[in-house]
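Student: Could we go through this structure together? I would like to begin with the terms.

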Amino acid sequence: MRGRMCLVTLGVAFPGVFFTTQAAAAQVAGQPPPVPATASLYDYIVTPNVMAPMRDGVRLATDVYLPARNGQPVEGQWPVILYRVPYGTPHPARRGEFFARNGYVFLAQDSRGTNDSEGVFRLWVQEGPDGYDAVVWATKQPWSNGKVATYGGSYSGSTQLALAIHDPPGLVAQFIREMFTNAYKTPVYTGGVMRVRYLAWTVRQATRSQAAARDPMVRRALQKMADELPMWLERFPTAFRRGSSPLALVPNYEDFAVSIIENDTYGPFWQQVGLNVEEHWQRYADVPVYWLGGWYDAYITAAPHQYLAMTQLKTSPQKLIIGPWIHGPQNVESTVSGDADFGAEAALDFHFLMLRWYDKVVKGMETGILDEPPIRIFVMGGGDGHRTPEGRIFHGGQWRHEREWPLDRAQNTKFYLHRRGVLSQEVPNEASPPTSYTHDPLNPVPTRGGPEAFSYKGRQYIGGFDQREGIREGLPLRSRPDVLVFQTPALEEDVEVTGPMTATLYVSSSAVDTDFNVKLVDVYPPSRDWPEGYDLYLTDGMLRASSRESLTNRSPLEPGRVYELNIEVPPTSNVFARGHRIRVDIASSNFPRFVDVNYGTMDPPWDRRRAVRAENRVYHDPEHPSHIVFPIVPRDGTVSAETAVPR
């Protein structure tokens, strides 16, 4: 971990300040007031690069954080919290310090072949056996009481999932933040379309590789590629052929990038432990798990599925929390996502939440966390939309406890697409021509907001953003002829949409393959701060038409034939305020978020050089009633029975 021997002698003053500050924040957020979780708080000491042996003799560098007093470790045996990750970045120190001060041993371990660990890094697939061995090793150390919990999110979430499938002895609990269930379904692909996330991640991670650390020339070449990544993405996928990019300098990273491009349908590659939990739930350890997700996170579809799978298959208590966050541990303590501000209530006291969880399920202390309803969500919206001093829109929102997911009281309600861009609950009752547009693969619709942790051409578009910022500064995306817009009239009352959605589109195309992107937007009316209104991105789903029947085998379209497509739209929770409009945008690209722009040919990845414009049509007549199903939570009444869809 490239750590350091460190002794902290701030005593209880630092923890005291921490809890006082967090108590004030908790009152604002409506949380239970925090209390010190142990009878006495400690200093801490960290020993870097303790080499933990794996079954094949490879040793993994592990920083060990121990409770301490007066410069010496406190005698005794402690529960252990294990954090396994390939980054070697400083942020584990904050977690290690916190947990050691509260009576835990915290282990921050470098994945195989990263930073100071031995061996060769193989993304994801090595983490199950290594994680198992790390847990067993931790249970046998003199400072351990034999109980090991795990912590982390993103890649360190995948390390937890992989080791839990192997069910190591001594594993007693987990806290998993933001990680996939099935890497093919999300986040590497969605609906058969490759996303930018892990291609960009692989390039960035290669700059941190051991090869880059050893050779400055290798590091400079990889860093240049990372800095110029938009250029490489514009030439996807051929620019990433084996030997065609600086990734060839780090073959293990190039192997992964090539593999995820070549395996563009769901097959054995994606069913491996480490890339997939969905195929292995029966083997998963029966331990308490706290699942955390964010409405603007790349893995938002996973967290509810993981919670549901564990509650149905296991007996241990499970918890789920979803906030208005983008990806990353620092963002759960923030009040903003992209250009949207959700107010002070949105910030989560992350450390305190984890401590309440571990103190209960690991130490057996009464923290009250299992007395609360199992689910907690942040319902976005309800703010007045003013421009904050930082230039963001104040969208607002509030926390709410729930007992099930999806919500039993939510009414699944069809909103139909109509001619001239109307979206309403009225079923189409008259013949109307389809709405047509041309998809040009060489001029894709640009990404403006969403869950990918990626910046493009000098600006980040992660989270909630105004969809009025298009291909030129100030132009709305809806001004493009290849973006179809369907929206309701101004709402006469607040409408809450909470849960997953499905869009059913009746479509045809002139090409043998094309994509359909369905985006949900909260349309603010014009105001003093936003004279042209504000079109706030909420969520979007994607489907490759050739994947309409199966993610395993692609089927070409017959040009001109009408097909029914069912497109999953990731869940959200949002109150569309009175006077706002609910809007659905339909397009056939969203670049670079969905980096694999459909060329309309069904050519294999490395032969994808010929681009075909697709003339696409969306139908909205009585025989082809295209619609989207919104889970509407009644606020002061019920939804009409005619449009309610049984679950």
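Tutor: Let us begin with burial: a residue is buried under 20% relative accessible area, exposed over 50%, and partly exposed in between, using a 1.4 Å probe and protein chains only. Helices (H or I, at least four residues) and strands (E, at least two) are DSSP runs, numbered from the N terminus. With these terms, helix α3 is mostly covered, as ten of its 13 residues are buried.

Student: What kind of model is this?

Tutor: This is a predicted model, in which local features need pLDDT of at least 70 and side-chain atom pairs count only at pLDDT 80 or more, while totals for chains, interfaces and linings use all residues. Residues are numbered from 1 along each chain as its sequence is written, and side-chain values use heavy atoms, with hydrogens and water left out.

Student: Which residues of α3 are buried?

Tutor: They are E127, G128, D130, G131, D133, A134, V135, V136, W137 and A138.

Student: And how far does α3 reach from its first C-alpha to its last?

Tutor: Helix α3 reaches 18 Å with its 13 residues, close to the 18 Å expected at 1.5 Å a residue. The expected span is 1.5 Å times one less than the number of residues.

Student: At what angle do α3 and α4 pack?

Tutor: Helix α3 (residues 127-139) and helix α4 (residues 155-166) pack at about 75 degrees, and their axes are 7 Å apart. Axes are lines fitted to C-alpha atoms, for helices over the stretch in contact, and angles run from 0 to 180 degrees between N-to-C directions. The angle makes α3 roughly perpendicular to α4; the scale is under 35 degrees for roughly parallel, over 145 for roughly antiparallel, 65 to 115 for roughly perpendicular, and oblique for the rest.

Student: Which residues make that contact?

Tutor: From α3 they are E127, G128, P129, G131, Y132 and V135, and from α4 they are Y155, T159, A162, L163 and H166. Contact means heavy atoms within 4.5 Å. By class, this contact has six nonpolar, four polar and one charged residues. Ala, Val, Leu, Ile, Met, Phe, Trp, Tyr, Cys and Pro count as nonpolar, Asp, Glu, Lys and Arg as charged, and the others, Gly among them, as polar.

Student: How do α6 and α10 cross?

Tutor: The axes of helix α6 (residues 197-206) and helix α10 (residues 251-262) come within 10 Å and cross at roughly 175 degrees. The two helices are therefore roughly antiparallel to each other. Y198, L199, T202, Q205 and A206 of α6 meet Y253, F256, A257, I260 and I261 of α10. This contact has eight nonpolar, two polar and no charged residues.

Student: New topic: which residues have the most contacts inside the largest nonpolar core?

Tutor: W124, F240, Y358 and F630 do, in a core of 179 residues. A nonpolar core is a set of buried Ala, Val, Leu, Ile, Met, Phe, Trp, Tyr and Cys residues joined through side-chain atoms within 4.5 Å. Helix α12 (residues 350-361) gives the largest share of this core, seven residues. Apart from neighbours within four places in sequence, Y358 is in contact with I81, F99, Y104, A149, T150, Y151, F175 and K363.

Student: Is P187 buried or exposed?

Tutor: P187 counts as buried because its relative accessibility is 0%. P187 is found in helix α5 (residues 184-188). Residues up to four places away in sequence aside, P187 touches F180, R195, R197, Y198, A298 and Y299.

Student: What about the phi of N115 and of D167?

Tutor: N115 has a positive phi near 55 degrees and is not a glycine, and D167 likewise has a positive phi, of about 50 degrees, without being a glycine. N115 is buried, with a relative accessible area of 10%, whereas D167 is partly exposed at 42%.

Student: Finally, how many helices and strands does the protein chain have?

Tutor: The protein chain has twelve helices and 32 strands. Of its 647 residues, 63% count as buried.
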